[in-house]
Amino acid sequence: MSQTKTDPETEVRPETRLAPPWNVVVHDDPINLMSYVTDVFMKVFGYSRSKARRHMLEVHTKGRSVLWTGAREQAEIYASKLQSFHLRTTMEAAE
Amino acid sequence: MTEEEDREKGEGEGNPAFPVVEREEDGALLLRGLPQGIAAVLLELPDILKQGEEEDLRSVLHSRVYPDEPEREEEWNKLMGGELFHLFADRARILGRDLEGMTIDSSPRRYRVRIPGKHLTAWISSLAAARLILAERFEVDEEAMRKERDFEEPGIQDLVIWRIDVLALIQEMLLLSGEAEGGE
């Protein structure tokens, strides 16, 4: 069996770049109940109550929490679900 | 008969003196023991939610997803704006239909409403929407929500905050009933 040798210096590889990840961010508002926000996080992301509550408390104390990071398409699905429950939701490119 | 006598009579007959949520065999929730004031606020819900269809309130219900990127925001609105609005309107219609079935409870001067199990999400999210609409319309901010309620000589905003609180009570009760059953 013959083998073709490729000169590593002349080999051309197509450049593949992964799409940059996006953050799904929920912001604080003075009206929605803490218990409601926790419940929505559990419903939308399937998070445990303790994890959902941690995020809710971060929203409450710091004004925002990154709920999920990943591909833009999936992030938009999550963002639309959160918006359907009237939570202040934004998307931002992850650093 | 005074409210106190009502309460005593209600308690004496095993009826709820305060609103309660009971789960029926088919998974429906029975919200009962509702005093007139709370029942009246619930019956206002379809009109409050109707206001959410107005252009200036839509952004309160569905905030901007890409606030610093106008092109992406426009694209998002084309794709999702209509769908989110229809979902909101559908949920409001479901709640409105359930409220049409509100009846007098077995307790004196109390009311009850039956919520089918599959309507629970519509109720909980519509209650959130109604609270946001009231807050926006009457400029109820964080400070207003924190201040002590004036029940002696309530102003318009006090009455609005009272409604927001009543809706929170019902929302909390429904959330707890869902929690007790391990969610929907």
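User: Which strands of chain B does helix α2 lie across?
Analyst: In this predicted model, helix α2 of chain B, residues 36-50, lies across β2 (29-35) and β4 of that chain.

User: And at what angle does α2(B) run to β2(B)?
Analyst: At about 125 degrees.

User: What order do the strands of that sheet have?
Analyst: The order is β1-β2-β4-β3 in chain B. It is an open sheet of four strands with antiparallel pairing.

User: What holds strands together in a sheet, in general?
Analyst: Strands of a sheet pair through backbone hydrogen bonds, and the pairing can be parallel or antiparallel.

User: Which are the edge strands here?
Analyst: β1 (20-23) and β3 (103-104) of chain B, each of which pairs on one side only.

User: How many bridges join β1(B) to β2(B)?
Analyst: Four bridges, and the two strands run antiparallel. Val20(B), for one, has Arg32(B) in β2(B) as its bridge partner.

User: What lies between β1(B) and β2(B)?
Analyst: Five residues, and the two strands form a hairpin. In the turn, Gly27(B) has a positive phi of about 90 degrees.

User: Buried or exposed?
Analyst: His119(B) counts as buried because its relative accessible area is 14%, and the cut-off for buried is under 20%.

User: What is His119(B) in contact with?
Analyst: Ile94(B) and Asp98(B), leaving aside neighbours within four places in sequence.

User: Then α5(B). How many residues does it have?
Analyst: Helix α5 of chain B has 18 residues, 120-137. From first C-alpha to last it reaches 26 Å, close to the 26 Å expected at 1.5 Å a residue.

User: Is α5(B) mostly covered or mostly exposed, and what comes just after?
Analyst: Mostly covered, with 16 of its 18 residues buried. Just after α5(B), Glu139(B) takes a positive phi of about 50 degrees.

User: What about Ala144(B), where is that?
Analyst: Ala144(B) is in helix α6 of chain B. With a relative accessible area of 8%, Ala144(B) is buried.

User: Which residues is Ala144(B) in contact with?
Analyst: Arg149(B), Gln157(B) and Ile161(B), again leaving aside neighbours within four places in sequence.

User: And how far is Ala144(B) from Leu169(B)?
Analyst: They are 18 Å apart in space, C-alpha to C-alpha, and 25 residues apart in sequence.

User: Switching topic: how much space lies in the largest pocket?
Analyst: About 330 Å³. The pocket is lined by 20 residues, and the closest to its centre are Asp29(A), Pro30(A), Asn32(A), Met34(A) and His60(A).

User: Which elements give two or more residues to the lining?
Analyst: From chain A, β1 (22-27), α1 (34-45) and α2 (49-62), together with α6 (142-146) of chain B.

User: Back to chain B as a whole. How many helices and strands?
Analyst: Seven helices and four strands. Along the sequence they follow the pattern α-β-β-α-α-α-β-β-α-α-α.

User: What share of chain B is buried?
Analyst: Buried residues make up 46% of its 184 residues.

User: What share of chain B contacts join residues at least 24 apart?
Analyst: 66%, among contacts between residues at least 6 apart in sequence.

Definitions and conventions. Residues numbered from 1 in each chain as written. Chains lettered and ligands numbered in written order. Predicted model: local features only at pLDDT ≥ 70, side-chain atom pairs only at ≥ 80, totals over all residues. Heavy atoms only, no water. Pairing = 2+ DSSP bridges. Contact = heavy atoms within 4.5 Å. Axes fitted to C-alpha atoms, helices over the stretch in contact; angles between N-to-C directions. Expected span 1.5 Å × (residues − 1). Buried < 20%, exposed > 50% of the residue type's maximum accessible area, 1.4 Å probe, protein only. 1 Å grid on protein atoms, 1.4 Å probe; cavity = no way out; pocket = protein on both sides within 12 Å on 5 of 7 lines; lining within 4 Å. Points joined across faces, edges and corners; volume = space filled by probe spheres on them.
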